[in-house]
Every structure is written in structure tokens, then in C-alpha cells.
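Okay, thanks for coming, everyone. Let me put the model up and then walk you through a helix pair and some salt bridges.

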Amino acid sequence: MTTTICFDLDDTVVHYPEPYKNIIRRTVEAHGIEYTDELRAVSKEVFYTAFEALEPDPYRQSMAAVAEAAGADVDLDALVETLKQTEFASTTVPDTARDSLTALATDNRLAIVTNGIRERQVAKLDHHGLTDLFDLVVASYEVGAHKPDSAPFDRVREELPADEYVMVGNEYETDVEGARNAGFVPIHYESGDDSGPDLWDSIDALV
């Protein structure tokens, strides 16, 4: 029996050890903008409004709103690039995850199924040297719908035929319920706890 094992990306494979507001702080301060909680609120609201609507480049929209709110005359392209590089540098991949993914990739097809922009998410995998472990990356922007919609899961079925599909993710509604409704076997991963080894043991028992 063939099995395709799918993983969410953010906070499942790639972790964020610190609050995202710290990333925003370092980004704006690198361009001479004084950080405030109000700026963080502006960036968050604009980003998620654009992101949920699948509008183009929500990161750029967010940073443009921050610059406007701060009354700052900055190079917007440079600000957006700083945000990306600061975010990537602030993320980690647990050793248990890296080792287990490497082992699983030798005998199984692996996929990333993520809510996000494909270029951004692939670049994140590239940053951590993980891209070659995965046979497929499906990002919600490219299929026109975010998880828990079935579209990202349907794309996996189209691209990687298998007898069984497993989905590992940290968000219950989007990853677990979305996967279950799509006919995938869901595994809920609570990032930041001590269940890492148990998670990988559970996956090994299924394949």
C-alpha cells in the first residue's frame, strides 16, 4: 500500500520560537522606524485581511500600511525584503523533525500543504535546506482556497496518487478537520510541547 504523508509548514515543520511582533520590530527598526504596538496592529490587520481574501502580496500591503501609519519615507521594496529575511532568520526546524523527515523521505512520498504564497513558502523551505525532501508543495494561493477547503488536499491527490494520505498539522480546524473532510488521516501536532518524538512515532506506525 502506498502512502503520501503531508505536512503543514508553519509551526509544524518550521517553528517560530518568538512572537511575530519581534520580527516586525526588528524589521521596522532596521529602516529607522520606531516600533509601537499600534504599528504591529496595523500590519497584522492589513496582512490578514488581504491574505484571507487571497489578494496579491499581502506582505507588501502590510508593510506599506506600516510605513504610511508611521509617516516614514522608506524604500518599500527594501522594507518588504527585510521582513522576509528577518522572518526566515527567526525560524527554526527541530532536530527531531529534520531527522524524521529525512528518514521518511527515503521510503515515502512527502508533501507540504500550507496556507500561504507558494514562492514565500518554498523560499522558507530553501532557507532551511528542506526542499529536496518533499515531492510536492501545495500552497493555498495557487489553488485559490485556504485550508480547510478541500482544494489544497485535492491538488495532492491529483499530483501524488496513493492508496492512503496522512496530514500532519498544528491547526485543528484547518489541518485536522480539513484533512478528515478530505479523506486524509489527520495527525494533530501541538508545536512547542514535548510531544515531538511521540508525533514521529505515530507517523512511523502508520506507514
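**Helix packing and salt bridges**

So, H4 and H6 are oblique to each other, oblique being whatever is left once you take out angles under 35 degrees (roughly parallel), over 145 (roughly antiparallel) and 65 to 115 (roughly perpendicular). Helices here are DSSP runs, H or I, of at least four residues, numbered from the N terminus. Before I go on: this is a predicted model, where local features need pLDDT of at least 70, side-chain atom pairs count only at pLDDT 80 or more, and totals for chains, interfaces and linings use all residues. Residues are numbered from 1 along each chain as its sequence is written, and side-chain values use heavy atoms, with hydrogens and water left out.

Back to the pair: H4 covers residues 76-90 and H6 covers 118-127, and they pack at about 45° with axes 10 Å apart. Those axes are lines fitted to C-alpha atoms over the stretch in contact, and angles run from 0 to 180 degrees between N-to-C directions.

Now salt bridges, meaning a side-chain nitrogen of Lys or Arg within 4 Å of a carboxyl oxygen of Asp or Glu. The structure has 12. One of them joins Asp8 and Lys147, with the closest N and O atoms 3.0 Å apart. Asp8 sits in the loop between strand E1 and helix H1, and Lys147 in the loop between H7 and H8, so this pair ties together parts 139 residues apart in sequence.

Then there's Glu142, which pairs with Arg118 at 3.3 Å, N to O, and also with Arg155 at 3.8 Å.

Conventions
Helix = DSSP H or I, 4+ residues; strand = E, 2+ residues; numbered from the N terminus.
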